[in-house]
Amino acid sequence: MSSTAVPSPSRLGGLPKWAAPAGVAVLFVAAYLVFQGTGTLPHDDEAPQFLAVTELREWIDDHRNDNPLFLYFLNYIRLFVGSLYALFETVLYALGWPGITGVMGALAWLAGGWRIALLAVGGVSAFGVLGLWESSVDTLALVAVAVLLSLAIGIPVGVWAGLSTRVRRTITPVLDVMQIMPTFAYLAPLALFFHIGAPAGAIATMIYSIPPAIRITALAISEVSPTAVEASASLGATRRQTLFKVYLPLARSTMALAINQTIMMALSMVVIANLISAPGLGGDIIRGLSRAQVGIMLPAGIAVVIMAVVLDRMMMAVARRDPHARLGRADLAGAGVLAVAGLALIPVLPRVWPENLTVNLVAEVNDAVRWAEDNWFTVTSWIKDTTSHLLLNPLESLLTSAPWWLVALAVLTVAWWVSGVRPALTALACLLAIALLGVWEHTMQTMTTVAVAVLVTLVIGLLLGVAAARSPRYSAVQRPLLDAAQTMPAFVYLLPALALFETTRFTAIFASVIYAVPPVVRLVEDGIKGVPAPVVEAAVSAGSTPGQLLWKVQLPMARRAILLAANQGIVMTLAMVVVGGLVGAGALGYDVVSGFSQRTDFGMGFVAGVATVLLGVMLDRITQGADRRPSPRKRKFT
């Protein structure tokens with residue numbers, strides 16, 4: 001039975017295609033003007049649900065050692081993770097700085113040669129020079145525990161998902177939620193069930209770093225050549241033999257990338273985990289944020305970046321190495337000399353880095369920041385005030401003064417138009433849950449900050465992505481900068497923002513833009529480069545100018561990549577804006593931070609974390625649906 005395409009509703013009656021959306025927009029504007037100021041759901045710090053969660057925490061603290069759930073299950077997990085952390089910490093402190101430097105240098109030499117070894121030795125020594133040796137060792141121990149547990153769970157689950165489509169479909173929604181959920185949202189429930197300290201910090205870090213281990217491992221296993229698997233089966237190999245002799249060796253390089261990404265995600269999370277008293281460099285960064293002193297934050301931020309770069313280069317060297325190539329005698333000898341020299345110097349040199357070899361940069365950095373504030377105040381103040389007056393304040397006033405039901409209806413309509421029925425209903429359910437939680441006003445304020453940050457991120461990301469796609473030379477210059485930006489932990493982006501704009505909500509927007517731009521640029525660049533060459537050649541031969549080629553051919557055909565870039569920009573911006581609660585962003589981010597720092601506000605912080613997750617799920621589902629939905633020009637009714 002054939003179907004006949006008929007004009008879309010936007011064309012019925014001779015109306016232009018923009019008439020229907022414009023009519024709906026006029027109705028919403030009229031409804032806002034009529035009902036403005038009603039049904040606004042103002043925030044109440046003493047809301048019953050906040051007090052109930054705070055009382056629940058107090059009850060849990062009082063019964064942590066007599067409730068069966070804690071006594072026979074959760075406490076054992078906490079003790080196991082705590083013991084594992086204590087073991088790593090004891091070993092690292094026993095090695096001291098000579099032993100750690102020698103062992104890390106030896107491992108780096110085995111991974112990628114003498115250049116990587118030199119980087120590792122210099123990086124480890126930098127921890128001591130910056131005066132952060134003990135904090136760096138604590139962070140390294142916490143990362144080691146979190147990565148070990150993440151890989152112990154993530155790799156087997158990833159292998160299982162790679163071998164079974166049913167398992168992969170089952171765990172994908174769980175992984176989506178884990179990656180959408182802002183990092184702050186992990187902390188409240190973990191503090192509730194695992195108390196505070198290193199075990200809770202390691203578990204929070206593990207939850208955050210498991211998804212890439214599972215996803216990339218599953219991808220590696222699923223991409224193994226079916227011919228190799230069939231050949232193994234035809235030779236009589238068992239499933240176990242095929243797994244260990246075929247799947248895992250052929251997926252080795254991609255699985256090394258999974259380990260690399262797990263380490264990077266863990267390093268991003270260990271800083272934030274300090275909010276629940278996890279040890280390490282996060283303490284120095286949080287202390288600097290609380291005092292608004294970049295001089296305290298900067299050395300710790302540099303140490304985290306150095307640790308990330310050293311571990312990243314080591315793992316990428318392993319991933320690039322030919323699995324069949326053997327290490328040369330020179331490499332083995334060099335690694336052995338480094339390891340033996342480091343271990344031999346343990347009883348000779350002090351195990352803690354000598355104070356006379358440290359460099360204190362706090363005063364100098366603070367002086368430089370004050371100079372920047374004094375000399376750039378006019379420019380930075382103009383940027384901050386202009387953005388606030390033209391974008392932030394009007395949008396926040398609109399969202400907080402509109403009735404909650406009108407905002408929910410507007411989101412439902414937009415989601416339905418952009419992504420379809422199911423994402424629209426999911427978005428509506430998330431907003432209704434936020435209203436019931438009692439944090440509507442603060443959620444609207446957070447959504448304002450996210451909207452402005454996403455708008456700026458997408459504009460910058462599109463411009464840089466298009467420039468990189470159209471100029472290989474510019475792409476080559478930009479690529480290392482994007483690599484460096486993506487390896488830095490999220491908190492590091494607060495440093496320049498705080499130095500330029502002090503503690504305001506614009507500081508959070510500036511930091512979130514820096515944090516979210518790199519993946520947007522990469523996705524836009526890949527999408528435009530992915531346009532088939534014959535299509536581009538046909539457009540050029542038809543006389544298209546470079547501008548026409550971009551707007552009429554490349555951008556429309558890269559639509560899916562651009563929508564995915566928008567999705568990633570929203571998710572990453574939301575995560576960073578919440579972190580920006582530490583530097584004046586207010587709203588949900590401040591509620592979460594206040595809930596951890598003040599025992600009486602724990603309920604509000606916990607509920608704010610849940611609301612942040614709901615907001616992230618809502619925005620993610622809308623943009624993910626848009627990625628799968630056909631272009632409005634191609635929709636037909638049959």
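Predicted model: local features only at pLDDT ≥ 70, side-chain atom pairs only at ≥ 80, totals over all residues.
**Stop 1: the nonpolar patch.** Select Leu390, Leu391, Leu455, Val456, Val459, Ile460 and Leu463 and show their side chains. Together they form a nonpolar patch on the surface, with about 600 Å² of accessible area. Now colour helix 15 (362-401) and helix 18 (440-470), the elements that each give two or more residues to this patch. Which helix provides the largest share? That is helix 18, with five residues.

Stop 2: Zoom in on valine 459, which sits in helix 18. Its relative accessible area is 44%, so valine 459 counts as partly exposed.

**Stop 3: threonine 380.** Move over to helix 15 and pick threonine 380. Is threonine 380 buried or exposed? Its relative accessible area is 10%, and because buried means under 20%, threonine 380 is buried. Next, display Leu500 and Phe501: threonine 380 is in contact with both, leaving aside its neighbours within four places in sequence.

**Stop 4: helix 5.** Finally, select residues 133-163, the 31 residues of helix 5. At 1.5 Å a residue, this helix should span 45 Å. Then look along the helix for leucine 151, where a kink of about 25° is centred.

How values were computed. Residues numbered from 1 in each chain as written. Heavy atoms only, no water. Patch = residues over 30% accessible without salt bridge, like charges linked within 9 Å, V, L, I, M, F, W, Y side chains within 5 Å. Areas by Shrake-Rupley, 256 points an atom, 1.4 Å probe, with all protein chains shown as cover. Salt bridge = Lys/Arg side-chain N within 4 Å of Asp/Glu carboxyl O. Helix = DSSP H or I, 4+ residues; strand = E, 2+ residues; numbered from the N terminus. Buried < 20%, exposed > 50% of the residue type's maximum accessible area, 1.4 Å probe, protein only. Expected span 1.5 Å × (residues − 1). Bend = angle between axes of the 7 residues up to and from the residue. Contact = heavy atoms within 4.5 Å.
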